[in-house]
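Reader: I have a structure here that I would like to walk through with you. Could you take my questions one at a time?

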Amino acid sequence: MIEDTWTCHICGLPYCSGFGNNPEPFGEYEQRCCDDCNEKVVIPIRILSMSEKAESRAKAKSFYDLIMKRIEKRLQKEEGK
Ligand SMILES: [Zn+2]
């Protein structure tokens, strides 16, 4: 049986299986992220960025930038292989 596996777009965890999660705003809907990233990164970011407090939205922005930088670094590394 061929298993449909994929790599987490956010942390790069390979051989994930199952439906995965929508990684937005870190990637496209077609890309997927693991449950761990969904719980620890994607959901908190969505909640923070919807907050009425400017402080929370600023936190979301800096968190977002940090994660995006990590993703870019990882993708560059993979391309350099
Ligand atoms: Zn992940």
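Predicted model: local features only at pLDDT ≥ 70, side-chain atom pairs only at ≥ 80, totals over all residues.

Reader: How many helices and strands does the protein chain have?

Author: Helix α1 covers residues 35-49, and helix α2 covers residues 54-79. The secondary structure comes to two helices and zero strands.

Reader: Does α2 lie buried or in the open?

Author: Helix α2 has 26 residues and reaches 37 Å from its first C-alpha to its last, close to the 38 Å expected. In the protein chain, 15% of the 81 residues count as buried. The number buried among the residues of α2 is zero, so this helix lies largely in the open.

Reader: What is the handedness of the crossing where α1 passes α2?

Author: Two packed helices are described by the angle between their axes and the distance between the axes. Here the axes of α1 and α2 come within 8 Å and cross at roughly 145°. The crossing in which α1 passes α2 is left-handed.

Reader: Which residues make that contact, and how many of them are nonpolar?

Author: From α1 come V41, I45, L48 and S49, while α2 brings S56, R57, K59, A60, F63, Y64 and I67. By class, the contact of α1 with α2 has two charged residues, two polar ones and, for the nonpolar class, seven.

Reader: Which residues form the largest nonpolar core?

Author: C16 is one of its members, and C16 is buried, with 21 other C-beta atoms within 10 Å. C34 is another member; leaving aside neighbours within four places in sequence, C34 is in contact with C8, C11, L13, C16 and G20. The core has eight residues: C8, I10, C16, C33, C34, C37, V41 and V42.

Reader: Which residues does C16 touch beyond four places away in sequence?

Author: C16 lies in the segment before α1. The C-alpha atoms of C16 and T5 are separated by 5.2 Å, although the two are 11 residues apart along the chain. Not counting residues up to four places away, C16 touches T5, W6, T7, C8 and C34.

Reader: And S17, is that residue buried or exposed?

Author: S17 also lies in the segment before α1, and beyond four places in sequence S17 touches E3, D4 and T5. From A58, 41 residues apart along the chain, the C-alpha atom of S17 is separated by 34 Å. S17 has 9, so S17 is exposed.

Reader: What is the phi of Y15, and where does Y15 sit?

Author: The place of Y15 is in the segment before α1. Y15 is exposed, with 9 other C-beta atoms within 10 Å. Although Y15 is not a glycine, its phi is positive, at about 60°.

How values were computed
Residues numbered from 1 in each chain as written. Helix = DSSP H or I, 4+ residues; strand = E, 2+ residues; numbered from the N terminus. Buried ≥ 20, exposed ≤ 12 C-beta atoms within 10 Å, placed from the backbone. Expected span 1.5 Å × (residues − 1). Core = buried A, V, L, I, M, F, W, Y, C linked by C-beta atoms within 7 Å. Contact = placed C-beta atoms within 7 Å. Axes fitted to C-alpha atoms, helices over the stretch in contact; angles between N-to-C directions. Left-handed = near helix turned anticlockwise from the far one by under 90°. Nonpolar A, V, L, I, M, F, W, Y, C, P; charged D, E, K, R; others polar.
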